[in-house]
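Let's take a walk through a protein model together.

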Amino acid sequence: MDQEKILNFQAFAQKAARKIEERKKRKRKSLYIGALEEEIEIRGLTDQEVVDCNEYSDNEQTNDKYTMYYASPTLQDLAKYMKEKGMIQDYLEVCECIDLKDRNKIVNEILELSGVLGESTVKELDEIKK
C-alpha cells in the first residue's frame, strides 16, 4: 500500500474508533407528556436491545409498550410501584396510561436516540461532488 492510502486508513480508523466509543454511551432525554402532565426519562437502546424489543411479541403495539417500558427508568419505577399497590397486574400495563399517539411519539424518540431513526448521513458520491 502506498503511504497516502495508509494515512487515509489511519484517519478513517481513528474516526471509526471515536464513533464506536460514542455509540457505547447511551443518550438520554426527558419528555413531557401533556395528557398526564408528567415527565418521563427515556434512553437510547443498543442495537441488540432494539432487536429484542421488536421481537418481544407478534403484536406491534405490545412491542411498542415493551420498548417504552424498557427504555424508560421512569416507567419502570412507576410500574413497580403500581404493581406493588395492586393497581396493575403486568408491568407493561403502565404504558396504557399513555395515549396511542403519544406512545408512537415516545417510541420514535427512543428509536431516534438509538440511532435507528433520523436523517441518514449516507449520500451517493455523485451528490457530494456536485
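A search of the whole structure turns up three aromatic pairs; rings of Phe, Tyr and Trp (its six-membered ring) pair if their centres lie within 6.5 Å, and planes under 30 degrees apart count as stacked, over 60 as edge-to-face and the rest as tilted. Take Y56 and Y66: their ring centres are 3.9 Å apart and their planes are at 5°, so this pair is stacked. It links distant parts of the chain, with Y56 in the loop between α2 (47-54) and α3 (60-71) and Y66 in helix α3, 10 residues apart. Helices here are DSSP runs (H or I, at least four residues), numbered from the N terminus. Y66 is buried at 17% relative accessible area, while Y56, at 43%, counts as partly exposed. Buried means under 20%, exposed over 50%, and partly exposed in between (1.4 Å probe, protein chains only). Ring pairs also join Y56, Y66 and Y70 into a cluster.

This is a predicted model: local features need pLDDT of at least 70, side-chain atom pairs count only at pLDDT 80 or more, and totals for chains, interfaces and linings use all residues. Residues are numbered from 1 along each chain as its sequence is written, and side-chain values use heavy atoms, leaving out hydrogens and water.

Now find S114, in the loop between α5 (100-113) and α6 (125-129). With 6% relative accessibility, S114 counts as buried. What does S114 touch, not counting residues up to four places away in sequence? R23, G44, L45 and V50, where contact means heavy atoms within 4.5 Å.

Definitions and conventions:
Helices (H or I, at least four residues) and strands (E, at least two) are DSSP runs, numbered from the N terminus.
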